[in-house]
Amino acid sequence: MSNVHVIGTGGTIASRADVGGSVVADSAGDVLDATGLDTNVTTDDVLHINSFHLTFADLLKIRAAVAEALDDPQIDGIVLTHGTDTMEETAFFLSLFHDSEKPVVLTGAQRAADLPNTDGPENLRQAVLAAGSATLRGAGVVVGFDAQFHAARRTRKQHTLATSAFSGGTLIAEFYHHELTRLAAPVSYPVLQEPTERFGQLNIPVIDAAPGTDAALFYAALEHGVDGLVLQGVGAGNAPPAFTDAVETAVADGIPVVLSTRVPAGPVAPIYGNGGAVTLLDAGAMSAHQLNTYQARILLAVLVSHSLPEQSLRTMFADQTR
Ligand SMILES: NC(=O)C[C@H](N)C(=O)O
């Protein structure tokens, strides 16, 4: 029988709603008890927070706990219980360093543990069964929710409240009735070196380009002192013309800039000049390509943590976004 290790971080799956606004209250062990599972499962709590409180330093703690479990020969698969709001960042972050046949399944809930229709126990039950099953070997880091297991890369929360909350990444496996069926392999990318401690202190804001925005906030961020910037454009990665000079200024100052799009599907593509992606990429921005804004930001932060020469950072960023 396989052994699964559940690492708790908090989130709605561990929250109680009866206290005036849902707050984290339960341990991973409490959440596991509610599944009624009778298998070889160990638990540990690394954090006890909603995922909208997560810091980069917390991501380092989560990675350390996952890496320790991956190294443990007694453990066959890992489940991470996590808030859904930023699950896509943590899942992608973990996937960048994942170099193991053991799967890591992130799961959570949209409805608190004390609500009669909570979805947490069933999500966790399925995540544990999947993490311990041969079907998910070699699947990498996946987000397991509502019977579906999506590759971390490009998965995003797509509904604020629905119990089927995630879409976007490759659908790797799915429970049909009670059987887990493998549907695909994750696309593989170069495994990155672990982030340095510097990662925990990085400040990398997202600046939005939209009708009526100018580049004032972008310049204010540079003035404030940042380690990188993500410019979220419209369409295929376009922005009002003032952003072109702003990108040039940042890059000349050694601040890396990533250009992403607010559109949920499709890549950043150099089609338009005069402030469009052609101009912004020429000005020195790096294309997020098909990575969403927030996963592109995590990738940028990991690379910045290594204090790489500019050209190496650009090459490694491009290698991860093809
Ligand atoms: N459904 C959830 O888990 C959302 C919660 N606000 C969190 O991210 O911690």
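This is a predicted model: local features need pLDDT of at least 70, side-chain atom pairs count only at pLDDT 80 or more; totals for chains, interfaces and linings use all residues.
The protein chain has a mean pLDDT of 97, and 100% of its residues reach 70 or more. The ipTM of the model is 0.97, and the pTM is 0.97.

The sheet to which β7 belongs is open and contains 8 strands. Their order is β4-β1-β5-β6-β7-β8-β11-β12, and the pairing is mixed. Strands β4 (40-49) and β12 (179-182) form the edges, each pairing on one side only. From one strand to the next, the twist averages 20°. Helix α3 (residues 87-97) packs on this sheet, where it touches β6 and β7. The direction of helix α3 makes about 150° with that of β7.

Strand β7 spans residues 141-145 and is mostly covered, with 5 of its 5 residues buried. In a regular strand, side chains alternate between the two faces of the sheet. Both faces of β7 are covered. On one side lie Val 141, Val 143 and Phe 145, and on the other Val 142 and Gly 144; all are buried.

Within the sheet order, β7 stands between β6 and β8. Strands of a sheet pair through backbone hydrogen bonds, in either a parallel or an antiparallel arrangement. Strand β6 (residues 104-107) runs parallel to β7 and is joined to it by 3 bridges. Val 104 has Val 141 of β7 as its bridge partner.

The pairing with β8 (residues 148-151) is antiparallel and comprises 4 bridges. Phe 145, one of the buried residues of β7, stands opposite Gln 148 in β8. Together β7 and β8 form a hairpin with 2 residues between them. Asp 146 lies in the turn of this hairpin and has a positive phi of about 50°.

In summary, β7 pairs in parallel with β6 through 3 bridges and in antiparallel fashion with β8 through 4 bridges, while both of its faces are covered.

How values were computed
Residues are numbered from 1 along each chain as its sequence is written. pLDDT is the predictor's confidence in each residue, from 0 to 100. A residue is buried if 20 or more other C-beta atoms lie within 10 Å of its own, exposed if 12 or fewer, and partly exposed in between; C-beta atoms are placed from the backbone. Two strands pair if DSSP finds at least two bridges between them. Axes are lines fitted to C-alpha atoms, for helices over the stretch in contact, and angles run from 0 to 180 degrees between N-to-C directions. Two residues are in contact if their C-beta atoms, placed from the backbone, lie within 7 Å.
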